[in-house]
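Here is a short briefing to read alongside the model. Have the viewer open, and let's walk through it topic by topic.

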Amino acid sequence: MQTTKKALAVLCAATLAVGALAACSSSKSSGGSTKTSGSSAPKVNLSGKTFTVLGQWTGAEQKAFQAVLDGFKKATGATGTYTPAAGGDEATVLGTKVNGGTPPDVAMLALPGAISQYAKANKLQPLGSDAKAGVAANYASVWTQLATVGGNVYGVPFDASNKSTVWYATKPFTDAGITNPPATWADFLKSAKTLSDAGVQVPVSIGGGDGWTLTDWFENVYIRTAGLASYDKLTHHQIPWTDASVTKALTTLKELWSNQALIGSPANALKTPFPASVDNTFKASAKSAVVFEGSFVATTITGDKLPAKVGTDAKFFPFPSVDGSKPALVGGGDFAVGFTKNAAVQPFLAYLASAEAAKAIVGSPGSGFLSANKNLATSDYNDATSGELGKQIVSVGDNFRFDMSDQAPAEFGGTPNKGEWADLQTFLGNGNVAAAQKALEAHAKAAKGW
Amino acid sequence: MTQQPGEPIADGPAVGSAVLVADAPTTGSDGRAGKPPRELGQARWLSIIFLGPALILLAVIVLYPLVYSAVRSLFDDGPAGTTGGFVGLRNYGSVFTDPSTFRAVKNNIIWILVAPTVITIVGLIFAVLSERIRWSSAFKLVLFMPMAISFLASGVTFELIYSDQPSRGLANAVTVGIRDTFSSPSLYPETHIRTGGSFTGSASSGYTTTKAYSPGTPVLIPMVGLSLTSPPKGLVSAQPPSTGPGLNGVVWNDFRRGGGGTVGKVDPGELGLKGVHVQALQDGKVVASTTADAKGDFSFPGLTSATYQVKLPASNFAPPFNGLSWLGPNLITPSIMIAYLWVYAGFAMVLLAAGMAAIPRDALEAARIDGATEWQVFRRVTAPLLAPVLLVVFVTLVINVLKIFDIVFVISSGAGANGKYADVLATQLFNAYGQQRYGIASAIGVVLVLVVVPFMALNIRRFRREQR
């Protein structure tokens with residue numbers, strides 16, 4: 001099990017390196033059909049036309065996407081054929097196809113860096129006016145910006161993930177008499193202390209064995225202590241990692257990470273990979289009560305067949321605000337881009353931007369898809385927890401930020417035992433802020449491709 | 001050009017290969033008269049036909065990648081796996097300067113120095129032993145069996161054996177079991193003093209009241225951290241201390257399920273900590289000690305005259321022994337070596353046992369008749385006669401250890417952030433390749449080839465010598 005996870009991590013790292021789609025999420029259970037309702041999609045007659053879509057999804061996610069293709073066929077008559085990349089390695093498959101001159105008509109990309117890479121190589125078709133208008137009308141402008149390269153918009157946001165969520169087991173909270181989940185960082189630390197007093201041995205479970213969980217911790221604290229402008233600058237390494245804002249974020253993080261009563265021994269946290277950190281929180285007679293990570297914690301709970309039920313035994317609260325910071329959200333998402341001038345491509349991309357397509361994907365059972373589409377109601381989602389997760393992405397609007405490490409060169413932000421992953425692991429181990437900053441800056445400087 | 005049926009065809013490949021391997025350079029292209037040129041030419045022609053497909057395959061899948069890797073190792077890595085500019089030997093420099101690859105180099109050296117020697121010695125011991133016991137075939141079979149299991153499977157097995165949690169890993173289940181038979185674990189390892197009270201010390205030094213109590217004043221010692229969902233069996237609700245003669249007090253878990261209650265006060269539903277050792281101190285010296293009763297009450301009826309501090313010694317809270325961190329930074333490589341030994345000891349034993357069976361009995365008998373002890377027989381007769389086989393086993397192991405990958409990869413992937421401490425060159429190569437850092441990956445590959453080549457040459461030379 002752990003081996004497959006590591007293999008997966010390696011695969012993801014490899015995928016990140018090419019800078020294309022890497023949906024490193026766990027697989028989901030069953031799937032099913034989808035209700036399609038209303039229609040704001042453009043009415044074009046494309047009957048008999050066909051096009052191809054390359055993606056990474058299989059299983060329930062593939063079924064959800066198929067529902068979108070079916071909806072499009074019903075609306076226009078064009079048949080889209082979805083192919084999941086062989087071996088789950090979309091970056092390589094797509095790269096080979098594009099370089100070989102036979103790109104798919106449409107591909108799903110998980111990294112803004114991949115959009116810019118293909119756009120700069122003149123391999124992408126800019127969005128037509130319908131699709132562009134659809135994205136502008138249905139999504140916060142930050143999503144358009146993420147898909148804009150050199151003044152042209154290339155991608156339509158498809159799904160989104162919410163990585164600003166802290167998950168907790170409700171029972172230990174009730175036992176400890178904590179009625180309201182913490183809303184501020186100070187409350188968060190206090191609740192953790194209360195849990196510790198109430199006999200929860202490792203109140204906050206940290207999956208420090210996987211470096212990426214630590215980058216997500218850092219990003220969520222940083223976006224709150226430093227603000228959006230600094231977040232954007234650090235994302236593109238326009239300010240050094242030795243900046244005072246980084247000091248502040250790491251010092252804040254240290255209040256938790258260096259407190260053995262709250263997180264157990266850091267050495268143990270460093271031995272715990274992400275899936276184990278979720279297991280330790282939600283298994284029977286768990287020693288932890290809180291685990292931080294994105295919306296995919298829910299799919300890990302169901303995928304690992306843990307006894308906790310998402311929504312009742314396992315709930316989440318938004319990442320706590322630090323020093324009165326405004327709501328901000330770190331997340332990810334996939335973008336659909338068009339590679340060819342196939343007549344069905346632009347209408348399809350426009351369709352993807354519509355509320356109808358968004359409803360089809362989030363209503364599909366088991367996929368765990370969320371969407372940043374503004375026209376969705378919580379009730380459009382397959383379950384209430386997903387609805388809540390999705391609502392947060394929409395309500396945060398332009399304060400949404402794409403995962404920082406996913407936008408850094410893979411060598412720095414996406415490689416086990418290297419760069420940011422390793423430096424934050426070292427920091428978790430020794431709590432030395434200055435040394436961490438120095439190492440982060442040195443490794444950021446050494447990485448190519450900012 | 002009609003062929004003689006039978007002879008040339010039967011001879012062809014054998015002659016051909018001999019020519020190719022040994023004599024080709026000397027009798028090569030000249031086609032001098034004197035020898036039967038036609039026969040030889042025909043044989044060579046035939047041999048080329050027979051060897052051709054294999055040679056082409058070798059060239060395509062071995063020679064070309066080898067040469068290409070060597071060339072690629074001299075170039076930098078561009079973005080997204082593209083080839084960058086020529087950098088000379090800089091990638092090789094990185095292999096030895098980058099901390100992570102250099103750690104792999106060091107680990108590889110440790111592996112080569114330790115593993116083949118240990119495995120050969122253990123194999124030898126088993127081989128000698130197997131000669132002297134009944135059911136030796138069964139013994140050999142059992143020891144050889146791990147060779148039939150893939151490294152992946154043995155890796156997963158050992159990853160479980162080394163698991164940190166004593167409830168899951170065999171290695172720690174045994175160490176914890178042994179340790180706990182000799183010293184019983186403490187009563188309340190998970191509890192700590194409620195913050196805000198007037199106590200000094202920590203769980204590892206014991207807690208002492210800052211205040212000195214006079215008899216008649218109840219000593220309240222609020223602890224927290226006891227599991228509320230599954231508290232130790234036999235605990236009952238705490239009661240405020242009795243008011244008998246002497247110094248009285250209560251030690252209890254100041255937290256009840258669902259919260260509520262007053263901090264520092266014994267509330268209904270809060271459990272007494274039965275069996276806690278309590279000491280009374282006068283001027284820092286222990287004057288009396290007792291243990292708390294079922295309700296958490298303790299009393300020192302004899303202490304009536306002075307004021308006393310109360311101490312809960314650290315032995316109450318000693319953290320349980322959770323075994324060794326087999327996959328921690330220090331033990332991970334030795335742990336993997338043990339797994340490797342488990343796999344390869346049987347291999348060494350079988351080869352050495354075969355070698356020993358070939359040693360002429362009369363030499364051994366003669367030595368024994370001459371009055372040699374068994375140890376002398378082993379050292380002076382068996383070992384020298386076995387030397388060639390020992391060398392084969394050793395060199396084979398060196399080569400296998402140099403390219404060691406799968407077992408390290410599998411076991412270290414279960415070690416979280418500590419996995420990197422087990423890295424060897426081959427896992428670094430794999431990682432670099434996965435990250436599309438092909439320049440470094442190629443350089444590591446070339447380094448590995450360069451290190452293996454001398455051992456290969458040694459082995460090949462030995463084989464040739466034997467064939468003569």
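Let's begin with one helix of chain B: in its helix 7, B:Ala171, B:Asn172 and B:Val176 are buried. Here a residue is buried if 20 or more other C-beta atoms lie within 10 Å of its own, exposed if 12 or fewer, and partly exposed in between, with C-beta atoms placed from the backbone. Helices (H or I, at least four residues) and strands (E, at least two) are DSSP runs, numbered from the N terminus.

This is a predicted model, in which local features need pLDDT of at least 70 and side-chain atom pairs count only at pLDDT 80 or more, while totals for chains, interfaces and linings use all residues. Residues are numbered from 1 along each chain as its sequence is written, and chains are lettered from A and ligands numbered from 1 in the order in which they are written.

**Helix 7 of chain B**
- Helix 7 of chain B covers residues 170-182, and its 13 residues reach 19 Å from first C-alpha to last, close to the 18 Å expected at 1.5 Å a residue. The expected span is 1.5 Å times one less than the number of residues.
- Helix 6 (151-161) of chain B is included in what covers the buried residues of helix 7. Contact, here and below, means that the C-beta atoms of two residues, placed from the backbone, lie within 7 Å.

**Helix 11 of chain A**
- Which residues of helix 11 of chain A are buried? They are A:Val246, A:Ala249, A:Leu250, A:Leu253 and A:Trp257.
- An α-helix has 3.6 residues a turn, so residues three or four places apart point the same way.
- The buried residues of helix 11 pack against several helices of chain A, among them helix 9 (211-225), helix 21 (419-430) and helix 22 (433-446).
- Helix 11 (residues 244-257) has 14 residues that should span 20 Å at 1.5 Å a residue, and its end C-alpha atoms are 19 Å apart, which agrees.

**Nonpolar cores**
- The largest nonpolar core has 172 residues, and those with the most contacts inside it are A:Val156, A:Val337, A:Leu349, A:Leu352 and B:Val251. Such a core is a set of buried Ala, Val, Leu, Ile, Met, Phe, Trp, Tyr and Cys residues joined through C-beta atoms within 7 Å.
- Helix 2 (residues 59-76) of chain A gives the most to this core, with 8 residues.
- Not counting residues up to four places away in sequence, A:Leu352 touches A:Val68, A:Val156, A:Phe158, A:Ala336 and A:Ala357.
- A second, separate core of 54 residues includes B:Phe126, B:Val343, B:Ile407 and B:Ala441.

**Where the chains meet**
- In the interface, 33 residues of chain A are in contact with 31 residues of chain B.
- Helix 1 of chain A gives the most to its side, with 8 residues.
- By class, that side of chain A has 10 nonpolar, 17 polar and 6 charged residues. Ala, Val, Leu, Ile, Met, Phe, Trp, Tyr, Cys and Pro count as nonpolar, Asp, Glu, Lys and Arg as charged, and the others, Gly among them, as polar.

**The chains as a whole**
- Chain A has 22 helices and 12 strands.
- The radius of gyration of chain A, taken over C-alpha atoms, is 21 Å, close to the 22 Å that the globule rule gives for 450 residues, so chain A is as compact as a globular protein of that length. The rule is 2.2 Å times the number of residues to the power 0.38.
- Of the 450 residues of chain A, 60% count as buried.
- Chain B has 13 helices and 11 strands, and 32% of its 468 residues count as buried.

**Two loop residues of chain A**
- A:Ala140 lies in the loop between helix 5 (129-138) and helix 6 (141-146), and A:Ala140 is buried, with 20 other C-beta atoms within 10 Å.
- Leaving aside neighbours within four places in sequence, A:Ala140 is in contact with A:Ala372, A:Gly397, A:Asp398 and A:Phe400.
- A:Asp383 lies in the loop between helix 17 (355-362) and helix 18 (384-396), and with 14 C-beta neighbours inside 10 Å A:Asp383 counts as partly exposed.
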